[in-house]
Amino acid sequence: MPQTVVVVGASLGGLRAAEQLRAQGFGGSVVVVGDEPHLPYNRPPLSKESLLGSGPDVTAEELAAGLAFRPRASATGIEWLLGQPAASADLRARTVTLADGTVLPYDALVVATGLRPRRLPQAEPAAGRHVVRTAGDAARLRREVGPGTRAVVVGAGFIGCETAATLHTLGCDVVVVEPFPVPMVRGVGTDVGAALLAHHRGAGVRFITGQGVSELRGEGRVDAVVLDDGTVIVCDVVVESVGSHCNTEWLAGNGLDLSDGLLCDNDLHVEGRPDVVAVGDIARFPNPRFDDVPRRVEHWSIPGDSARRAASSVIAHLSGEPLEAPPFAPLPAFWSDQFGLRLQSFGSPGLADSVEVAEGSLDRLTDGAAVVYRRSGATVGVLLVNIPVARHPHYRSLVLASDQLV
Amino acid sequence: MKVIVDMNLCQDHGQCAIAAPEVFRMDESSRLVFEAEPDESMRQYVEDAIDVCPVQAIFLED
Ligand SMILES: Cc1cc2nc3c(=O)[nH]c(=O)nc-3n(C[C@H](O)[C@H](O)[C@H](O)COP(=O)(O)OP(=O)(O)OC[C@H]3O[C@@H](n4cnc5c(N)ncnc54)[C@H](O)[C@@H]3O)c2cc1C
Ligand code: SF4
């Protein structure tokens with residue numbers, strides 16, 4: 001009997017896991033289950049150039065096709081079961097059950113089900129409210145916006161700020177509402193957040209910070225947002241970018257800790273199970289580059305890095321060989337495009353207790369600024385704003401150099 | 001092995017230069033320059049570079 005690896009989640013993490021199983025020599029069956037009807041496609045452009053460059057009639061199929069990943073040539077013989085979710089899994093019997101009742105037995109399971117956007121608590125009015133995670137989401141949003149559309153973006157994280165910038169460029173009248181005093185504070189800290197706020201305001205987007213949304217008004221369709229202090233903002237559409245939930249419900253009943261993704265060891269095994277691994281946004285793993293605290297990292301670079309290691313773990317288990325590999329210590333990398341600014345980070349700025357501007361000035365981000373983030377003196381991250389790429393390796397090496405690994 | 005980069009897609013992210021510095025490099029003006037026919041021994045690194053390019057601008061032809 002050939003061995004079977006079932007991969008649940010058909011996005012970047014699922015694709016890279018399937019590719020890496022083949023690249024590392026796994027000859028058994030690889031089955032990838034995805035609830036979206038599309039083959040894996042690239043999400044970051046959905047809040048940036050794809051949203052901007054598409055007309056209002058764009059369909060989810062067109063967006064997904066335009067952003068489809070080109071799988072590695074070596075990734076042959078992979079079975080894609082798309083368009084329905086895994087409904088449950090029995091980790092003891094080693095089976096995954098799909099929504100239509102199909103039961104898939106496995107020898108090893110790769111979990112790559114990622115995140116879905118959190119929604120504002122109020123269920124009604126339902127129409128006119130959007131999120132940006134999938135090609136379907138982006139197509140629905142694009143259909144409802146154009147010059148003069150009054151848009152409220154709730155939540156000024158990276159996706160919220162990018163979407164606000166894109167909607168502004170499309171001619172919408174955009175207001176961003178954020179409960180924290182500055183945008184993207186979790187990712188870049190207070191000082192840089194304040195500088196980005198000033199830049200975005202200068203570009204013409206209204207930001208209301210330090211306030212949450214207390215109510216959505218409208219009959220059937222949202223027509224106004226009410227803030228904590230009672231301010232009413234009349235609008236045509238609302239974009240909710242208020243964080244995310246991990247897609248772990250289908251794993252309930254197996255005694256796993258599902259409080260924040262899946263708890264993994266440094267080889268991406270889920271809670272010590274040799275036959276279950278997790279990759280991408282959903283994997284909460286310790287990175288010895290920083291410390292031994294397991295964390296999830298919602299960066300595009302992580303699905304690729306974690307899939308490589310997870311595939312090694314799976315192959316070692318299935319072949320009965322020990323896994324011989326150095327500690328898994330990926331260097332997180334993140335980029336974002338907002339109002340003519342290219343942000344690039346290496347490492348984990350969010351862990352820092354002190355921040356230093358190493359180059360340029362936060363007052364003139366357009367001209368370039370490099371910010372170094374330290375924790376207890378060690379460089380844990382850098383953020384580069386409009387810094388020429390030729391100099392990125394230098395800043396990246398600062399993070400690599402202060403590696404906690406011994 | 002032939003490497004092709006679609007320069008209409010490339011946004012000079014520089015990730016390829018980190019993954020495969022022997023093949024891809026950012027010049028002084030931060031534009032991508034690359035080896036179009038690298039040695040076969042570079043294949044794995046070129047595949048890694050293809051994986052990490054955020055806009056999928058890199059193509060490999062045998
Ligand atoms: C709009 C947007 C912009 C972004 N921009 C950037 C950026 O500029 N830079 C950056 O570094 N990162 C960015 N990211 C983050 C990056 O895209 C993610 O880190 C990456 O997509 C994570 O991949 P993943 O495969 O782990 O999860 P996901 O891409 O979330 O994929 C999970 C897949 O599993 C499916 N699924 C869920 N439950 C089930 C189930 N029960 N059965 C079957 N399938 C299921 C989901 O539908 C989805 O297709 C952005 C993300 C978004 C949404
Ligand atoms: S990673 Fe992609 S976008 Fe960046 S320089 Fe290389 S080819 Fe261009």
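## Ligand 1: polar contacts

One of ligand 1's oxygen atoms sits 2.8 Å from a polar backbone atom of A:Gly13, counting a polar contact as a pair of N or O atoms within 3.5 Å. Another entry for ligand 1 is A:Leu115, with a backbone N or O atom 3.5 Å from a ligand oxygen. Taken alone, the ligand exposes 1000 Å², and the protein buries 95% of that (Shrake-Rupley areas, 1.4 Å probe).

A quick word on the source: this is a predicted model, where local features need pLDDT of at least 70 and side-chain atom pairs pLDDT 80 or more, while totals for chains, interfaces and linings use all residues. Residues are numbered from 1 along each chain as written, chains are lettered from A and ligands numbered from 1 in written order, and side-chain values use heavy atoms, with hydrogens and water left out.

## Ligand 1: the shell

There are 33 residues around ligand 1, and A:Asp35, A:Glu36, A:Arg43, A:Lys48 and A:Arg133 come nearest (a shell residue has a heavy atom within 4 Å). By class, the shell splits into 15 nonpolar, 10 polar and eight charged residues; here Ala, Val, Leu, Ile, Met, Phe, Trp, Tyr, Cys and Pro are nonpolar, Asp, Glu, Lys and Arg charged, and the others, Gly among them, polar.

Because domain 1 (4-35 + 83-116 + 245-319) and domain 2 (119-242) of chain A both give residues to this shell, ligand 1 lies between them. The domain bounds come from an automatic or database assignment.

## Ligand 2

Over in chain B, the residues surrounding ligand 2 include B:Cys10, B:Cys16, B:Cys53 and B:His13. That shell has six nonpolar, four polar and one charged residues.

Most residues other than glycine have a negative phi, and most peptide bonds are trans. A:Leu268 has a positive phi of about 75 degrees without being a glycine. As for the peptide bonds, the one joining A:Glu124 and A:Pro125 is cis, with omega about -10 degrees.

Methods: Polar contact = N/O pair within 3.5 Å; in protein donor to acceptor, adjacent residues only side chain to side chain.
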